[in-house]
Amino acid sequence: MLSALPRSALCCLRPGAGAALRRAMAAALKPLVAVGQVTSTPDKEQNFAACAGLVREAAQRGACLVFLPEGFDYIGSNVAQTLSLAEGLDGALMRRYAELARDCGVWLSLGGFHERGQDWAATQRIYNCHVLLDSAGHLVAAYRKTHLCDVELEGRVSMKESSFTNPGPEIVAPVSTPAGKLGLSVCYDLRFPELSLALRRAGAEILTYPSAFTVYTGSAHWEVLLRARAIESQCYVVAAAQTGKNHEHRTSYGHSLVVDPWGSVVAQCHEGPGLCYAEIDLEFLHRIRREIPVQSHRRHDLYSTVELVP
């Protein structure tokens, strides 16, 4: 019965007299996450306004953690513009997002951010950085994308991320958040189950893939890959996505979604910018892991022993 009551009912209870009921209601409510879908352009100010509007809307709905997609800061129309617009983690844009997190009292998953790292002066290359801010605006984690998207589909898709981006040097351990232990990835990382399984072994309960898939690859692979990562890791999977025409040379697939540990899509955005919401049920997650204990069945003693037959 309690779980059926709206979150707004908590703030309507009188102080003191309803203390026990307030505690019971708070315990009954599962963490709510919000997943953003935006159409970033080269206009950073316009992009911030759009993202900030979604964050404020999600906070009003009671979300504790808001996910924004790869390129939430901007999507440049060419490499030169992409590099020229990049900032450091100590720059003005990240300070604005830290202030937004504080004002709204929510955690923010921001990935990937076009980061000028400490080696910018020497390399003139950036990092594709997934930033996690807590509700006080503190930078809790920064994962730099390890798998760079170099893809050539003749006549359809051409990308060479490695031509202007440095690969990240490490996987970041899952972070405890109000919704659960969060494992950080970015977009093309989705195609590598080794990463999701490594995060699962390290304790992840939620895997997140902020992305900017093209229409061609997204329509074929997006949902099936996300569901596969959820099923094999027995984690929630949260994927915020770019949608629509980012500039004259690029259109993104969209379809931001949340998959539960059983592999069911439990939330999905419609066309265009917006939000979808999902409750994170960790009791359900741990029941799935008990009933199908694949983690304890893995044969790590065998997987590296297979040799190539000449």
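The face of helix H8 turned away from its buried side carries Glu283, Arg290 and Glu291, all of them exposed; here exposed means over 50% relative accessible area, buried under 20%, and partly exposed in between, with a 1.4 Å probe and protein chains only. Please keep in mind that this is a predicted model, in which local features need pLDDT of at least 70 and side-chain atom pairs count only at pLDDT 80 or more, while totals for chains, interfaces and linings use all residues. Residues are numbered from 1 along each chain as its sequence is written, and side-chain values use heavy atoms, with hydrogens and water left out. Helices (H or I, at least four residues) and strands (E, at least two) are DSSP runs, numbered from the N terminus.

**Helix H8 and its buried side**

- Helix H8 spans residues 282-291, and its buried residues are Phe284, Leu285, Ile288 and Arg289.
- These four cover an arc of only 140° around the axis, which puts them on the same side of H8; the arc is that of the directions from the helix axis to the C-beta atoms.
- As background, an α-helix has 3.6 residues a turn, so residues three or four places apart point the same way.
- What do the buried residues of H8 pack against? Their partners are H6, H7 and strand S11 (236-239), where contact means heavy atoms within 4.5 Å.

**Helices H6 and H7**

- Helix H6 (residues 193-201) and helix H7 (residues 215-233) have axes that come within 10 Å and cross at roughly 35°. Axes are lines fitted to C-alpha atoms, for helices over the stretch in contact, and angles run from 0 to 180 degrees between N-to-C directions.
- The crossing of H6 with H7 is right-handed, the term for a near helix turned clockwise from the far one by less than a right angle, with anticlockwise giving left-handed.
- On the H6 side, Pro193, Ser196, Leu197 and Arg200 make the contact, and on the H7 side Arg229, Glu232 and Ser233 do.
- Sorted by class, this contact has two nonpolar, two polar and three charged residues. Ala, Val, Leu, Ile, Met, Phe, Trp, Tyr, Cys and Pro count as nonpolar, Asp, Glu, Lys and Arg as charged, and the others, Gly among them, as polar.

**The six-stranded sheet**

- Six strands form an open sheet with mixed pairing, in the order S8-S9-S10-S11-S14-S15; two strands pair if DSSP finds at least two bridges between them.
- Strand S8 (175-177) and strand S15 (265-268) are the edge strands, each pairing on one side only.
- On average, neighbouring strands of this sheet are turned by 25° against each other, direction ignored.
- S11 and strand S14 (residues 257-259) are antiparallel partners over three bridges, and Ala239 has Leu257 in S14 as its bridge partner.
- H7 lies across strand S10 (206-208), S11, S14 and S15, and runs at about 30° to S14.

**Other strand pairs**

- Strand S16 (residues 274-279) is largely enclosed by the rest of the structure, because five of its six residues are buried.
- Strand S1 (residues 32-38) pairs with S16 in the antiparallel sense over six bridges, and Val33 stands opposite Ala278 in S16.
- Strand S6 (residues 150-153) and strand S7 (residues 157-160) also pair in the antiparallel sense, over four bridges; Leu153 has Val157 in S7 as its bridge partner.
- S6 and S7 form a hairpin with three residues between them, and Gly155 in the turn has a positive phi of about 75°.

**Residues to look at in the loop between S9 and H6**

- Ser185 sits in the loop between strand S9 (180-184) and H6, and it counts as buried at 1% relative accessibility.
- Leaving out residues up to four places away in sequence, Ser185 touches His130, Tyr143, Leu195, Leu199, Thr208, Tyr209 and Pro210.
- Cys187 is also found in the loop between S9 and H6. Its phi is near 40°, a positive value in a residue other than glycine, and Cys187 counts as buried at 8% relative accessibility.

**Elsewhere in the chain**

- His255, in the loop between strand S13 (250-253) and S14, has a positive phi of about 65° although it is not a glycine.
- The peptide bond from Gly111 to Gly112 is cis, with omega near -5°; Gly112 lies in strand S3 (residues 107-115).
- Ala98 belongs to helix H4 (residues 92-104) and is buried, with a relative accessible area of 10%.
- Apart from its neighbours within four places in sequence, Ala98 is in contact with Leu133 and Gly137.
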